[in-house]
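Hi everyone, thanks for coming. Let me put the model up on the screen, and then we can walk through it together.

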2 protein chains.
Amino acid sequence: MTAPAATQSLKLAVLQYSARDETPDQRLQWLDDILRGAKDAPFGLVVCPELFLSGYNVGRKLSDLSQTQRGSFAVSAAELARNHRTALVYGYPETADGQLYNSAIVIDSSGRQLANHRKLRIPNGFERDWFTPGGNYTMLEIAGFRIALLICYDVEFPEAVRACALAGADLILAPTALRAEWSFVARKLIPARAFENGVFLAYANYCGQENGFVYLGESCIIGPDGREIARAGADETLLTAVLQRNDIARARERLPYLEDRGDLDRVAIDGRTAPLS
Amino acid sequence: MTAPAATQSLKLAVLQYSARDETPDQRLQWLDDILRGAKDAPFGLVVCPELFLSGYNVGRKLSDLSQTQRGSFAVSAAELARNHRTALVYGYPETADGQLYNSAIVIDSSGRQLANHRKLRIPNGFERDWFTPGGNYTMLEIAGFRIALLICYDVEFPEAVRACALAGADLILAPTALRAEWSFVARKLIPARAFENGVFLAYANYCGQENGFVYLGESCIIGPDGREIARAGADETLLTAVLQRNDIARARERLPYLEDRGDLDRVAIDGRTAPLS
């Protein structure tokens, strides 16, 4: 007899930051303080909101505070990740090739950059005045979990999460900045995305107010069966969960959407091939 | 000045039938009684559950009671539709070409058959012992509403509802037989499907028990903004709503998912093209 394979697990933390007028250094200090005070630390992975470096509804600060992938904030964040022995994900305004991107970076617990994702779909509104959309899905691996990054609006599209799940994602990380009027997204759409693909999903939002925007809070960690493993309220908080990778196979055995979907996106309608643009 | 165009509206009824051992004739009689007693009648469209003719978890009755598209049940249902001046949708086990299909038929208020949809995705379990999957999406039009049919498991796939929405559907009709253990589907997945496509969705389920299956009830009518316009409990009931077609444009203007999705299903992952099968 051989021993059963060890169960792969990942201790995940989602940080819900209360929006306020802080400098990038003050935000890093806040992050450092939170992680030092967390009784469950160290974590395998910590996820912060969209544009955590600068804030979201901050006008030209998006450009003024933008940095390259190897800028000073990334250097300090790498040191923080090493000190706290955790992988780290946060959003920031990225300068590259003369463009501005709404990006999120992944740093592992040794301080090494694993991936940089550029938001694929820029929603109508002020973001289109600033950001160029990215052109690729982003996959990486931490502790045996295959992870995809999708920022805010990206994760609302079923095509995006499906593409990542079909490419092998176990866990979707979604830094976001969701306003209170879009509560449907946090409460129903995000759990549906996890359920319909049999993946874990971590949704890291802001709470509080920022220049007239009221954020919803309600960050969450959803299981591959759609269960709310952890759910924040409207206050600043750190959500934690230990994800068991085996839960993915169990959910997909019970409900094999990925297997059963087949060619549904190429089925004919009245003799025409769908989807039609 | 020209008068504003008349608002297109559709008075919809969703019938939640309490599963029991009744003959096809008894089921038609029940339908006749319900519609005669409904204070809101006449309706523009009435939707009954999946396999309404035979029952769902009824073993070889699925085959024994099966009929062709022009069988005696369809003839009686057409007369009923004429008498009640309503279009009518119901599920039935269809015999055709030596195969058995899990189908739903649409009859207009004059008794004419408008469409016949064959379930595209047969879920794992007893259904695969009986049914051959269909091969086409089905679109039709009633009172200016473009309507697509999807049966039970079909509507759980984001690809299916997206394909119908991109082909112009305003309203998705989903006869179903959902067991209590899948409450996530009725409560979150179905509203998400309407929201993410900006379409109305009518979900007609069973309640009660049938040979060991406990059905959820919780049939619903969802708006294109994800709102629960009507929601049943666990008892037999008739849900009604007047759908305003203008609400679709309003929802899509606020949240243009269909426009913004672009080529998300063909974006590259690490140099590969997603989705990968």
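Predicted model: local features only at pLDDT ≥ 70, side-chain atom pairs only at ≥ 80, totals over all residues.

Let's begin with helices. Two packed helices are described by the angle between their axes and the distance between the axes. Take helix H4 of chain A, residues 158-166, and helix H5 of chain A, residues 183-197: their axes are 10 Å apart, at an angle of about 35°. That crossing of H4(A) and H5(A) is right-handed. Which residues meet there? From H4(A) we have A:Pro158, A:Val161, A:Arg162 and A:Ala165, and from H5(A) come A:Arg193, A:Glu196 and A:Asn197. Sorted by class, the H4(A)–H5(A) contact has three nonpolar residues, one polar residue and three charged ones.

Now, H4(A) also packs against helix H4 of chain B, residues 158-166: the two axes come within 10 Å and cross at roughly 145°. Is that crossing left-handed or right-handed? H4(A) passes H4(B) in a left-handed crossing. Here A:Pro158, A:Glu159 and A:Arg162 meet B:Pro158, B:Glu159 and B:Arg162. The class count for H4(A) with H4(B) is two nonpolar, no polar and four charged residues.

On to the rings. Over all chains, the count comes to 36 aromatic pairs. One of them is A:Tyr56 with A:Phe126, an edge-to-face pair with 5.0 Å from centre to centre and 70° between the planes. Why does this pair tie together parts that are 70 residues apart in sequence? Because A:Tyr56 lies in the loop between strand S2 and helix H2 of chain A, while A:Phe126 lies in the loop between strands S5 and S6 of chain A. A:Tyr56 has 7% relative accessibility, so it counts as buried.

Next, look at A:Phe157 and B:Tyr257. Their ring centres are 5.3 Å apart and their planes are at 80°, so this pair is edge-to-face. A:Phe157 is in the loop between strand S7 and H4 of chain A and B:Tyr257 is in helix H7 of chain B, so the pair joins two chains. Are these two residues buried or exposed? Both A:Phe157 and B:Tyr257 are buried.

Back in chain A, ring pairs link a cluster that includes A:Tyr56, A:Phe126, A:Trp30 and A:Phe213. The charged end of A:Arg179 sits over the ring of A:Phe213, 3.5 Å from the ring centre. And B:Arg254 lies over the face of A:Trp182, at 3.9 Å from the ring centre.

Key. Residues numbered from 1 in each chain as written. Chains lettered and ligands numbered in written order. Heavy atoms only, no water. Axes fitted to C-alpha atoms, helices over the stretch in contact; angles between N-to-C directions. Helix = DSSP H or I, 4+ residues; strand = E, 2+ residues; numbered from the N terminus. Left-handed = near helix turned anticlockwise from the far one by under 90°. Contact = heavy atoms within 4.5 Å. Nonpolar A, V, L, I, M, F, W, Y, C, P; charged D, E, K, R; others polar. Phe/Tyr/Trp six-rings, centres within 6.5 Å; stacked < 30°, edge-to-face > 60°. Buried < 20%, exposed > 50% of the residue type's maximum accessible area, 1.4 Å probe, protein only. Lys NZ or Arg CZ within 6 Å of the ring centre and 35° of its normal.
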